[in-house]
Amino acid sequence: MSTTIYDQIKKDIIEAMKRGDTATRDYARVVKAEFDRKGDGRPIEDADAVKILKALRVTAEENHNPFEIEYLDRYLPKEMSEEELEAWIRANLDLSQFKVPLAAVGVVTKALGPVAPGEKVRKVIEKITAA
């Protein structure tokens, strides 16, 4: 079983303490506290962790905090490009089976998870159906 994001954040805290890296230690504690709040003190699934990390990243961007952005980016999955999404959709879905093609957004986001954010999937489907 692979290490969860939650477990890796806990390891980051310990490793940062050993290195004397207070900035990483303190911010990893903030992230873990958000995870603990969401999970009522229990470890959370990676899908939930990614949602929290994305929300924290938005805040870090608003605050112009490059350290926090870099830290969060270590754990956020790399999103598929529009070209990759289009190729996946064309290979795996028949958009004509949907009454409204945009109904496929949910199918794609469920199948691909956090690497395929809904807004980007919607844009790609609109591009495909417009062609």
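Aromatic pairs and a helix crossing

Mentor: In this predicted model, Y71 and Y75 are both buried.

Trainee: What makes Y71 and Y75 count as buried?

Mentor: Buried means under 20% relative accessible area, and both Y71 and Y75 fall in that class.

Trainee: Why is the pair of Y71 and Y75 called tilted?

Mentor: The ring centres of Y71 and Y75 are 5.6 Å apart, and rings pair if their centres lie within 6.5 Å. Their planes stand at 55°. Stacked needs under 30 degrees and edge-to-face over 60, so this pair is tilted.

Trainee: Which residues form one aromatic cluster?

Mentor: Y27, Y71 and Y75 do. The count of aromatic pairs comes to three.

Trainee: Why is the pair of Y6 and F35 called tilted?

Mentor: The centres of the Y6 and F35 rings are 6.2 Å apart and the planes are at 35°, so the pair is tilted. This pair links distant parts of the chain, with Y6 in helix α1 (residues 5–19) and F35 in helix α2 (residues 22–38), 29 residues apart. Y6 and F35 are buried as well.

Trainee: How is the packing of α5 and α7 described?

Mentor: Helix α5 (residues 82–92) and helix α7 (residues 118–130) pack at about 65°, and their axes are 10 Å apart. The crossing is right-handed.

Trainee: Which residues make the contact of α5 and α7?

Mentor: On α5 they are E82, L85, E86, I89 and R90. On α7 they are K120, V121, K123, V124, I125, K127 and I128.

Conventions:
Residues numbered from 1 in each chain as written. Predicted model: local features only at pLDDT ≥ 70, side-chain atom pairs only at ≥ 80, totals over all residues. Heavy atoms only, no water. Axes fitted to C-alpha atoms, helices over the stretch in contact; angles between N-to-C directions. Helix = DSSP H or I, 4+ residues; strand = E, 2+ residues; numbered from the N terminus. Left-handed = near helix turned anticlockwise from the far one by under 90°. Contact = heavy atoms within 4.5 Å. Phe/Tyr/Trp six-rings, centres within 6.5 Å; stacked < 30°, edge-to-face > 60°. Buried < 20%, exposed > 50% of the residue type's maximum accessible area, 1.4 Å probe, protein only.
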